[in-house]
Amino acid sequence: AAVERELDAARQENRLLKRLQHRQTKALDKFENAEADLPQILARHSAEMDAVRKRLKKTQEAAATSERIAKERNEEIWKLRAAVNEVTKLSGDKHLLERDRLRLYLEKSGKSLDEQTRKTKDLEKRIELQEKMHGRDER
């Protein structure tokens, strides 16, 4: 009977050891598989980072171009405003023979100013949208 108990105990210990060995084998396989996937994961990450850098560069270039155009338009607007102010002063002069021509020029300049202002606002909105997109891309 004592031998049978020892045999049962040895069998039970053997089962426990087999379970433990099975768990350890599964854990080792899982670790080895994860380790084997690491180069692929790193390559995908590198490719993704390259794509993000390219998008960032394009966005920054587009924003710089839009800013340059907006600056040029603002300069045009200031020149047109100066011209409008000058023409307005001249048109107030009652002795000026070309008053009607200046009035037409003033109207044309005003329309041109309005158009340039609209274009500038459009560019500013575009820059703002690009900056928002750039902010999203960085996340």
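Predicted model: local features only at pLDDT ≥ 70, side-chain atom pairs only at ≥ 80, totals over all residues.
Figure 1. When neighbours within four places in sequence are left aside, the residues in contact with Ser66 are Leu123, Arg126, Ile127 and Gln130.

Figure 2. Gln116 is found in helix α2, which covers residues 99–138. Is Gln116 buried or exposed? Its relative accessibility is 9%, and therefore Gln116 counts as buried. If residues up to four places away in sequence are not counted, Gln116 touches Arg73, Glu76, Ile77 and Leu80.

Figure 3. Not counting residues up to four places away in sequence, Leu113 touches Ile77, Leu80 and Arg81. The view also takes in Lys79, which is 34 residues from Leu113 in sequence, while the two C-alpha atoms are 9.3 Å apart in space.

**Figure 4. The charged end of Arg81 and the ring of Trp78.** Here the charged end of Arg81 sits over the ring of Trp78, at 5.3 Å from the centre of that ring. Arg81 is also among the residues that Leu113 touches once residues up to four places away in sequence are not counted. How many aromatic pairs does the count come to? The count of aromatic pairs comes to 0.

Figure 5. Ala83 has its place in helix α1, which covers residues 2–91. At 18% relative accessibility Ala83 counts as buried, since the cut-off for that class is under 20%. Gln24 is 59 residues from Ala83 along the chain, and the C-alpha atoms of these two residues are separated by 86 Å.

**Figure 6. A nonpolar patch on the surface that includes Leu42.** Leu38, Ile41 and Leu42 form a nonpolar patch on the surface, and together they have about 280 Å² of accessible area. Of these residues, Leu42 lies in helix α1. Leu42 counts as exposed because its relative accessibility is 52%, the cut-off for exposed residues being over 50%.

Figure 7. Side chains of opposite charge can pair when their charged atoms come close. The structure holds 6 salt bridges, and one of them is shown here, where the side chains of Arg53 and Asp50 meet with a distance of 3.3 Å from N to O. Arg53 and Asp50 are separated by about one helical turn, because they are 3 residues apart in helix α1. Asp50, at 38% relative accessibility, counts as partly exposed.

Figure 8. The side chains of Arg118 and Glu115 meet in a salt bridge, with 2.4 Å from N to O. Why are Arg118 and Glu115 separated by about one helical turn? They are 3 residues apart in helix α2, and so about one helical turn lies between them. Arg118 counts as partly exposed at 41% relative accessibility, and Glu115 is likewise partly exposed, with a relative accessible area of 31%. Elsewhere in this view, Lys132 forms a salt bridge with Glu128, and the closest N and O atoms of that bridge are 3.6 Å apart. Lys132 counts as partly exposed at 44% relative accessibility, and Glu128 counts as partly exposed at 44% relative accessibility. Lys132 and Glu128 both lie in helix α2, where they are 4 residues apart, about one turn of the helix. Salt bridges that share partners also join Glu115, Arg118 and Asp122 into one network.

**Figure 9. Met133 in helix α2 and its separation from Ala2.** Met133 lies in helix α2, and with a relative accessible area of 45% this methionine is partly exposed. Ala2 is 131 residues from Met133 in sequence, and the two residues are 79 Å apart in space from C-alpha to C-alpha.

How values were computed
Residues numbered from 1 in each chain as written. Heavy atoms only, no water. Helix = DSSP H or I, 4+ residues; strand = E, 2+ residues; numbered from the N terminus. Buried < 20%, exposed > 50% of the residue type's maximum accessible area, 1.4 Å probe, protein only. Phe/Tyr/Trp six-rings, centres within 6.5 Å; stacked < 30°, edge-to-face > 60°. Lys NZ or Arg CZ within 6 Å of the ring centre and 35° of its normal. Patch = residues over 30% accessible without salt bridge, like charges linked within 9 Å, V, L, I, M, F, W, Y side chains within 5 Å. Areas by Shrake-Rupley, 256 points an atom, 1.4 Å probe, with all protein chains shown as cover. Salt bridge = Lys/Arg side-chain N within 4 Å of Asp/Glu carboxyl O. Contact = heavy atoms within 4.5 Å.
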